Amino acid sequence: MPEYMVSSVAEENKRLEQGTALIRTYMDGNVFLAPIDTTRGNLKVLDSAASNGYWLSQFRGSLKDPDSAELIGTDIQDRFPDPPWPGISMQIQDINKQWPESWDATFDYVHQTLVLFQAGPGLREVIGSLVKLVKPGGWIELMEPEYKLNDDDGTAYKQFHNMLCELWAMRGTKSDFAASLEGIIKDAGFKDVKSVLLPIGIGPKTKDAQMANTSVESTVGGARNITIAGKFIPGGLKSISAEDFETWPERFEKELRTEGAYFPLRVVYGRRPGT
C-alpha cells in the first residue's frame, strides 16, 4: 500500500483543523478527555501525529501558565507552519520508528489521534513505545476511528467503509483495531483507564448544526486521500468497481450533505502509576 499520501499540505492541514473543531463539540468544548491539571506550570506535553500543531495550539490555550509549558508536536511529514505556533516545537517522527531515548518517562501527557492504522500488525509494539514516554503519574490519550456498518447507512458511506478496510488490510491493520486500545493500555500497567465512544455526526447528523458544513468538508478532505491511494493500487481496489470508484467522491459528498453519517471515534486514556 502507498505511504501516507495527501492532496496538498494546505488541504490536509485544513481538514485536520476542521476535524479537531468538530470533535471538540463532542467533548464539552475541550480538546482532551484525560483529567489533565491545566492549572499546573511546567507541563511537558507530546502530540504525536500532530500535523501542523493546531491541536497543541488549542491545548496551550487551555493552560493557566502556557509560557512555562514545553509542547512538542511530531509528524511523519513536514507540514509544520513557518513561523511556528508560539510556544510549540515540531519535528519529524514516524510512530513505527524508535523515539528519542532522552524522551523516555519525561512527558506529563502524551496525546495521539487518528494514526494507528499505520502500525499494522505492530499495533501493540507501537503503543508500547509510546507509553514509555509517559512519566510516572502522567497520562496518555489515544483517539481512533471505530467504524461499523449499519443497515441504514448510505451506499457511498458503505463504499467508503469497504475501501478503507481494504487499504488497512494491505497494511495488516484490522478494521476493529480501536476496540483493542483499552486492553493494550491496561496491559501496559496503566491505571484509571477509561474508554469512551464519541458518536461523531457528519452533515445533518452532527451535534451542532453550525458545524454541519465544516464536518462535511473535513470528511471529504480525508476521502480525497483514499482516492489518491486507490489509484496507486495495481488493478485498482477490489471492494469497488472502477466505474463506482470514479464517481464515488461526488456521490459521497452529496450523501454526507443530504443524509449525513456517523463516524464513531474511540477515546482511551490512562495514568501511568507512580508520582
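The side chain of T173 reaches the backbone nitrogen of G120 at 3.4 Å, and the backbone oxygen of F117 at 2.7 Å. Both are polar contacts, defined as a pair of N or O atoms within 3.5 Å; within protein, one must be able to donate a hydrogen and the other to accept it, and residues adjacent in sequence count only if both atoms are side-chain atoms. The model is predicted: local features need pLDDT of at least 70, side-chain atom pairs count only at pLDDT 80 or more, and totals for chains, interfaces and linings use all residues. Residues are numbered from 1 along each chain as its sequence is written, and side-chain values use heavy atoms, with hydrogens and water left out.

T173 lies in the loop between α4 (155-170) and α5 (181-187). Helices (H or I, at least four residues) and strands (E, at least two) are DSSP runs, numbered from the N terminus. Leaving aside residues up to four places away in sequence, T173 touches F117, G120 and W168; contact means heavy atoms within 4.5 Å. T173 is buried, with a relative accessible area of 6%. Buried means under 20% relative accessible area (1.4 Å probe, protein chains only), exposed over 50%, and partly exposed in between.

A34 is also in a loop, between α1 (9-24) and β1 (44-48). A34 is buried, with a relative accessible area of 2%. With the same exclusion of residues up to four places away in sequence, A34 touches Y109, W139, E141 and Y269. From C-alpha to C-alpha, A34 and W55 are 15 Å apart in space, and they are 21 residues apart in sequence.

Helix α7 packs against α6 and also meets α4. Axes are lines fitted to C-alpha atoms, for helices over the stretch in contact, and angles run from 0 to 180 degrees between N-to-C directions.

| Pair | Axis distance | Angle |
|---|---|---|
| α6 and α7 | 10 Å | about 165° |
| α4 and α7 | within 8 Å | roughly 120° |

The α4 and α7 angle makes α4 oblique to α7, whereas α6 and α7 are roughly antiparallel. Angles under 35 degrees count as roughly parallel, over 145 as roughly antiparallel, 65 to 115 as roughly perpendicular and the rest as oblique.

On the α4 side, T155, A156, Y157, Q159, F160 and M163 meet D244, F245, W248, R251, F252 and E255 in α7. In α6, the residues that meet α7 include N213, V216 and E217, and their partners in α7 include P249 and L256.
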